[in-house]
Amino acid sequence: MIYEVCVDSVAGVRAAKAAGADRVELCADLLEGGITPSLGMTRQARAVDGIRIHVMIRPRGGDFVFDGDEFAIMRADIETAKLEGADGVVIGVLTADGEIDTERTGDLLSLARPLSVTFHRAFDMTSDPLRALKALVDLGVDRVLTSGQEATVLEGLPLLTELFKLASDRIVVMPGGGITSRNVGRVVDVLKPKEVHFAALQPVSSPMRFHRPHVFMGGELRPPEYDRLDTSMDAVHAIMAETGLKIS
């Protein structure tokens, strides 16, 4: 089974590698569900040997209907990811009616090749998941990341089971969303997936000794200014161990 860890820092890439993960989904701004990382982050992440890197291609948070400028940005970011030596890209484009935007997805897919291509959890916002999966199969997408259109994979197990049957060997259905060391064993027992996706974040305190607590860099809804979440090697270990993998 392939273990993919969702990270938003180069430190996260190093932690995932140290824990024995196979691959990372490299993002920025996980508070928005993940957007495209900077060129600098992608380049520095690629300098970490021994782990595959799939780069998120998403110009902003929010929905997955993109205007012409945003789509042009996605194309440029795919070209950048290829130039920087990424192993894959992660995309997701929908129509306003909650269908897979097959024309634009096909365009991004062609541009990305020969890299591996994942369709991300935009899939969980589609109006008809079985029709959406068929569209991705017909396009030739390598894998789809999904929680089974629920808040967590555990809640989405009924749909995921159906998606696994429909997919057969034509596309990889990769469960992801709310997977923890407490529930991953059940997810793996039920689905027996080829690949699994999870974040393994823990709070990290700022090294700042001087604090100005009444000043914030963000808007009204904001994370703590002097604390952040980052990928933990121990947390990655814990999730992988619960699937029966022997950690050396």
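Me: How many bridges join strand S1 to S8?
Reply: Strand S1 covers residues 2-7 and runs parallel to S8; helices (H or I, at least four residues) and strands (E, at least two) are DSSP runs, numbered from the N terminus. The model is predicted, local features need pLDDT of at least 70, side-chain atom pairs count only at pLDDT 80 or more, and totals for chains, interfaces and linings use all residues. Residues are numbered from 1 along each chain as its sequence is written, and side-chain values use heavy atoms, with hydrogens and water left out. Two strands pair if DSSP finds at least two bridges between them, and the number joining S1 to S8 is four.

Me: Which residue in S8 is the bridge partner of Ile2?
Reply: Strands S1 and S8 are joined by bridges, and S1 takes in residues 2-7. The partner of Ile2 in S8 is Glu195.

Me: Which strands stand at the edges of the sheet?
Reply: The open sheet has eight strands in the order S7-S6-S5-S4-S3-S2-S1-S8, with parallel pairing. An edge strand has a single partner, so one side of it is left without a neighbour in the sheet; the two such strands are S7 and S8.

Me: What is the average twist from one strand to the next?
Reply: The sheet is open, and its order runs S7-S6-S5-S4-S3-S2-S1-S8. Axes are lines fitted to C-alpha atoms (for helices over the stretch in contact), and angles run from 0 to 180 degrees between N-to-C directions. From one strand to the next, the twist averages 25 degrees.

Me: Is Lys192 buried or exposed?
Reply: Lys192 lies in the loop between helix H7 (184-191) and strand S8 (195-198). Its phi is near 50 degrees, a positive value in a residue other than glycine. Buried means under 20% relative accessible area, exposed over 50%, and partly exposed in between (1.4 Å probe, protein chains only). At 63% relative accessibility, Lys192 counts as exposed.

Me: What is the relative accessible area of Ser168?
Reply: Ser168 is in the loop between helix H6 (157-167) and strand S7 (172-175). Phi of Ser168 is near 50 degrees, again a positive value in a residue other than glycine. Ser168 is partly exposed, with a relative accessible area of 47%.

Me: Which residue does a cis peptide bond join to Arg113?
Reply: The omega of this bond is about 15 degrees. The residue asked for sits in the loop between helix H4 (102-112) and strand S5 (116-119). The cis bond joins Arg113 to Pro114.
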